[in-house]
Amino acid sequence: MSRIGNNPIAIPEGVTIDVKENVVTVKGKLGELTQEFSGVAIKIEDGQAWVTRPSDSIESKSKHGLYRSLVLNMVEGVSKGWTKELELVGVGYRASHQGQKLDLALGFSHNIVLDIAPEVKIETSSEKGKNPIIKLTSFDKQLVGQVAAKIRSFRKPEPYKGKGIKFVGEQLRRKAGKSA
């Protein structure tokens, strides 16, 4: 029995869910998302969406909670949006943006210039005495996570000094250095 899959999805005002054959489309004030699904059925009743499985086969059970979570993330995304914040820790590490181009100075011989998808809004802030912060916002949770992971992959935090790109609020596992 899937505990997550059995919960209903509340549909807020201004959000519409359309189910046609094996594609669900969610529209809201921030955008529109589509997702293909199989092995489950999606019903809309009384301002709630229900994900049900037709049988107790292993395939249906495994997809029940998955598609319920994906539809919930789509509903929250088009109504509120998703945000990820990255912090650059290190001397001389800088971030700036012009339009959809992110310019990162991470201690390499050249700056890294990354083109960001148009669905993702990007903000950079750098105050004196504080680490630079990159803020990514979009209605697509998967896309925000993918872009944040790509940026983080350029310089992952190392365990001794903690230098690198980390998520705001992320707890790093620190190691002791050489002991003389």
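Phenylalanine 108 is found in the loop between β9 (101-105) and β10 (112-115); strands (E, at least two residues) and helices (H or I, at least four residues) are DSSP runs numbered from the N terminus. This is a predicted model, in which local features need pLDDT of at least 70, side-chain atom pairs count only at pLDDT 80 or more, and totals for chains, interfaces and linings use all residues. Residues are numbered from 1 along each chain as its sequence is written, and side-chain values use heavy atoms, with hydrogens and water left out.

Phenylalanine 108 has a relative accessible area of 41% and is partly exposed, that is, between buried (under 20%) and exposed (over 50%), with a 1.4 Å probe and protein chains only. Leaving aside neighbours within four places in sequence, phenylalanine 108 is in contact with Phe154 and Arg155 (heavy atoms within 4.5 Å). Proline 118, ten residues from phenylalanine 108 in sequence, lies 27 Å from it, C-alpha to C-alpha.

Four strands form an open sheet in the order β11-β12-β7-β13, with antiparallel pairing; two strands pair if DSSP finds at least two bridges between them. β11 (121-125) and β13 (164-167) are the edge strands, each pairing on one side only. Within the sheet, β7 (residues 82-89) and β12 (residues 133-138) run antiparallel and are joined by six bridges. Threonine 83 has threonine 137 in β12 as its bridge partner.

UniProt lists residues 11-81 and 89-166 for "domain: Large ribosomal subunit protein uL6 alpha-beta" (unreviewed entry). Such annotations may be inferred rather than shown by experiment.

| Span | End C-alpha distance | Helix | Strand |
|---|---|---|---|
| Residues 11-81 | 15 Å | 31% helix | 35% strand |
| Residues 89-166 | 8 Å | 17% helix | 37% strand |
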